[in-house]
Amino acid sequence: MFNINSYNEIAAEGLELFEKEQYALDVTDDPDGILLRSADLHGTVLPLQLKGIARAGAGTNNIPLKECSERGIVVFNTPGANANAVKELVLASLLLAARPILEGAMWAKTLKGPDAVQKAEAEKKRFVGSELAGKRLGVIGLGSIGAMVANDAYRLGMEVRGYDPYLSVDTAWKISRHVIRVESIEEVLETCDYITVHVPLMPETAKMIDAESIQRIKKNAVLLNFSRGGLVDIEAVVEALEERRLAQYMTDFVDERLLGIEGAVVLPHLGAATAEAETNCSVMAAETLKYFLETGNIRHS
Ligand code: MLT
């Protein structure tokens, strides 16, 4: 029998794959496998007989990869399993950046009395937005999520520019021919009205959107970061928002320095928070780990 630490964050559908096979799901001191979502294993003493770690999600920055590789512990993630959920949140955020939908709805809630309709019509000019169609979107990182965002933004009428020096052949085939590939990140920063970052957080990409990059961003552009907070220099973002150079910074990662800053829209890591994505990630991570522990082989889908 294998022991699996599940860290209680994994959707039931994946865990059931183990229960059916009589795997132990209790947190034990020496598991063969760890199935996790957001729990951070840095600084944790990794169990002696640990063979594999599966993350129900794309990012693996909560796993000490160097230590795992030195000890021969195999690390799996679930690429693509939550990509649609993240893409939908990015598209929703683009729409919210362009149109004050929430502000209008909050204001309408305050209307009362027989003249509510009249008042709404009279004051609607307070909530005039702009259209995404015809605006330029820059997508930094054309992996599974970035590629989907680029394709769908094009369908919304945006002019899309994509930057990815490491584009895989598999993903390249999935990107619409209407997405213009550019050779430098500067071209994205300097020319786009909306910029969205879809890059994994690694030592090489930490703060890749640094103070200098933020200086280069076109005035009044909107920067979206639904990948990882650490990709962006937050101090520089706050300064750009305060100086009204950047119109909005929309992110899925809470950072104390952004709270209360005008133009900062902060979500509590909701990118993959859909029932469908949680199930997909849980099942993919559990199947991959189970197969590996049972056979010693890595399953290719
Ligand atoms: C991911 O890395 O894919 C997401 O952070 C998943 C999650 O929200 O747990």
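The exercises below walk through a predicted model of one chain with a ligand.

Residue numbers start from 1 along each chain as its sequence is written. Because the model is predicted, local features need pLDDT of at least 70 and side-chain atom pairs count only at pLDDT 80 or more, while totals for chains, interfaces and linings use all residues.

**Exercise 1. The whole chain**

Find how many helices and strands the chain has, and what share of its residues is buried.

Solution. 
- Step 1: Count DSSP runs, numbered from the N terminus: helices are H or I, at least four residues, and strands are E, at least two. The chain has 11 helices and 11 strands.
- Step 2: Apply the burial rule. A residue is buried if 20 or more other C-beta atoms lie within 10 Å of its own, exposed if 12 or fewer, and partly exposed in between, with C-beta atoms placed from the backbone. Of the 301 residues, 37% are buried.
- Step 3: The C-alpha trace spans about 70 × 50 × 35 Å along its principal axes.
- Step 4: Turn to contacts, meaning residue pairs whose C-beta atoms, placed from the backbone, lie within 7 Å. Among contacts with a separation of 6 or more, 59% join residues 24 or more positions apart.

**Exercise 2. Helix 6**

State what span helix 6 reaches, and which elements its buried residues pack against.

Solution. 
- Step 1: Helix 6 covers residues 144–155, 12 residues in total.
- Step 2: The expected span is 1.5 Å times one less than the number of residues.
- Step 3: List its buried residues: Ser-144, Ile-145, Gly-146, Ala-147, Met-148, Val-149, Ala-150 and Ala-153.
- Step 4: These buried residues pack against helix 3 (83–98), strand 5 (136–140), strand 6 (159–163), helix 7 (169–174) and strand 8 (194–197).
- Step 5: Look just past the helix. Gly-157 takes a positive phi of about 100° there.

Conventions:
Contact = placed C-beta atoms within 7 Å. Near = placed C-beta within 6 Å.
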